[in-house]
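Reader: I would like to learn how to read helix packing and charged contacts in a model. Could we work through some cases together, with the general idea ahead of each one?

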Amino acid sequence: MDLDTTAATPSAAPPTLQPPPLPPGPPPLPPLPQPTRYPLQFTGRAGEFFGIWFVNLVLSVLTLGIYSAWAKVRTERYFYGNTWLAGAPFEYLASPIAILKGRLIAYAVAIALGLSAHFQVWVVYLPLILLVLLLLPWLLQRTLRFRARYSAWRGLRFRFDHGVFDAYLNFMFRPALQLPTLYLLAPWVRLHQHDYVVTGHRFGGQRFGFRGDLGSYFIPFLICIGIGFGAYIAMIVAAGLGAVAAAALAGGEGGDGPSGTALAMVLVPIIAIYLVFLALPVFLRTRWTNLMWASSWLGGHRFECTLRARDVIWIYFSNGLAIVFSLGLAVPWAMVRIARYRARHWALLAAGDLDSFVAEAQREEGAASAELVDALDLDVDLSL
C-alpha cells in the first residue's frame, strides 16, 4: 500500500486587526519667545560732571546753602538724563522751589537737634529724637512717593501708592522683632521691606510684582555670619600672637617701650580684620539687591541685576581713598564710576512690546519728608 508523503499545506493566518486611526490633534505649541534684553546704559563722564559739581559747590557756599536745592536738581537731572534704557533716557522732574521748601524744614529740624544736644538734652533733644524715630516709617513712605512722582521714562511718571500702615509694619514693627532674636530675622525683615517697596510702585498703569524666596535671602546672611565669626576669631588670635611677638621684640631691643614695629605687628592684623567687618554689610546689601530685582516684574517684563560684591567693595574702598587723598575733588569721579558700574550690571528682560504703558493721573508731592530723610541720614536705600 502506497503512503501519501505529501506535507499538508498550512492554513493561512488570520488577518491582523489594525486600530482605527486617531483623529488629528491640535498642532504643537510654538516655542515661547525669548525675552528681549535691554541693558541699562550710563553715558555720563567724570570730566563733564566735575564742572557741574564744582559750580554747584561754589554757588551753594556763596548763597549760604540756598542754591543747594538747584544743585540737587541739576545733579539728579544729569544722572537721570545720562541713564538710558531701550533708547530713551530717564527724567527727573522735581522743582527746585519745592525742594528748597522741604530742605528748609528739614534743616530746621536738624539744627534744632544739634543745638538741643548741647543745651537742652532732656527737655528738647530726646523728645525730638523720639519724634523723628516715630515718624520714620511715615517719612520713608513720603520719600518713596516723592521720588516716584518726579521720576519718568518715555514721558511717563512712576508712582508709589502703598499706605502708611504697611510702612509702619515693615519699617518699625517687623524690625523691632530683630532685637529679641539677635537679628536672626534680618533676612525675613528685608524680604518684606523689598515686597513693600517694589509692589508699591506703578508705571504706565501697571503695578510692579514681587515674589521673593526667604531661603535665598538667608543664604548671604548666613555667609556673613560665618565670615564675621571667623574674622572675629582670627582677630583675637592675630592680636594675641602679635602681642606676644611685640613683647618679645621689645624685650630683645631693651627699650623702655614697644617699638613701631611691635605696634604694627599688633595693629595691622586688627585693622585688616576690621576692614573685613566694614565690607560685610556691603556684601549683604549687594546680594540682597540682586535678589530683589530677580524677584520683581512689571507686566510680563523681568529684570536682571548681576552686581558682584567684591567689585562693589573695591569700588567703595578705592573711591573713599581717592576722595580722601584728593581733598574731596574726586567726588564727581566716584559718583560717575559707581553709576556706570551699576548700569553695566542691570538689564530689562522685555517679554513683548514696551509701548503698552499708559499715563496715570497724579498729584503733587511735598519734598519735606525726602529732604528730612537725607538731612538726618535716615535713608535705607530701598528705592527702585
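Reader: Is the crossing of H2 and H3 right-handed or left-handed?

Author: Please keep in mind that this is a predicted model. The crossing of H2 with H3 is right-handed. The two partners are helix H2, residues 68-81, and helix H3, residues 96-119.

Reader: What are the angle and the distance between the axes of H2 and H3?

Author: Two packed helices are described by the angle between their axes and by the distance between those axes. Here the axes of H2 and H3 come within 8 Å and cross at roughly 125°, and H2 and H3 are therefore oblique to each other. The residues that make this contact are Ser68, Ala69, Trp70, Lys72 and Val73 on the H2 side, with Pro96, Ile97, Ile99, Leu100 and Arg103 on the H3 side. Sorted by class, the contact of H2 with H3 has 7 nonpolar, 1 polar and 2 charged residues.

Reader: How are H1 and H2 oriented to each other, roughly antiparallel or roughly parallel?

Author: An angle over 145 degrees counts as roughly antiparallel. The axes of helix H1, residues 46-62, and H2 come within 9 Å and cross at roughly 170°, so H1 and H2 are roughly antiparallel to each other. From H1 the contact draws on Glu48, Phe49, Ile52, Val55, Asn56 and Ser60, while H2 brings in Ser68, Ala71, Arg74, Thr75, Tyr78 and Phe79. By class, this contact of H1 with H2 has 6 nonpolar, 4 polar and 2 charged residues.

Reader: Turning to charged pairs, how many salt bridges does the structure hold?

Author: A salt bridge is assigned when a side-chain nitrogen of Lys or Arg lies within 4 Å of a carboxyl oxygen of Asp or Glu. By that criterion the structure holds 5 salt bridges. One of them joins Arg45 and Glu48, with the closest N and O atoms 3.9 Å apart. Glu48, which also takes part in the contact between H1 and H2, is partly exposed, with a relative accessible area of 37%.

Reader: Which parts does the salt bridge of Asp355 and Arg154 tie together?

Author: The side chains of Asp355 and Arg154 meet in a salt bridge at 2.9 Å, N to O. Asp355 lies in the loop between strand E11 (346-350) and helix H11 (368-375), and Arg154 in the loop between strand E5 (151-153) and strand E6 (156-160), so the pair ties together parts that are 201 residues apart in sequence. Asp355 counts as exposed at 57% relative accessibility, whereas Arg154, at 34%, counts as partly exposed.

Reader: Where do Asp161 and Arg207 lie?

Author: Their side chains, those of Asp161 and Arg207, meet in a salt bridge at 2.9 Å, N to O. Asp161 is in the loop between E6 and helix H5 (164-176) and Arg207 is in strand E8 (residues 206-210), so this pair ties together parts that are 46 residues apart in sequence. Asp161 counts as partly exposed at 29% relative accessibility, and Arg207 counts as partly exposed at 34%.

Reader: To end with a single side chain, which residues does Phe277 touch, not counting residues up to four places away in sequence?

Author: Phe277, placed in helix H8 (residues 260-294), touches Gly228, Ala231 and Tyr232 once residues up to four places away in sequence are not counted. Phe277 and Ala231 are 46 residues apart in sequence and 7.8 Å apart in space, C-alpha to C-alpha. At 28% relative accessibility, Phe277 counts as partly exposed.

Notes:
Residues numbered from 1 in each chain as written. Predicted model: local features only at pLDDT ≥ 70, side-chain atom pairs only at ≥ 80, totals over all residues. Heavy atoms only, no water. Buried < 20%, exposed > 50% of the residue type's maximum accessible area, 1.4 Å probe, protein only. Helix = DSSP H or I, 4+ residues; strand = E, 2+ residues; numbered from the N terminus. Axes fitted to C-alpha atoms, helices over the stretch in contact; angles between N-to-C directions. Parallel < 35°, antiparallel > 145°, perpendicular 65-115°, else oblique. Left-handed = near helix turned anticlockwise from the far one by under 90°. Contact = heavy atoms within 4.5 Å. Nonpolar A, V, L, I, M, F, W, Y, C, P; charged D, E, K, R; others polar.
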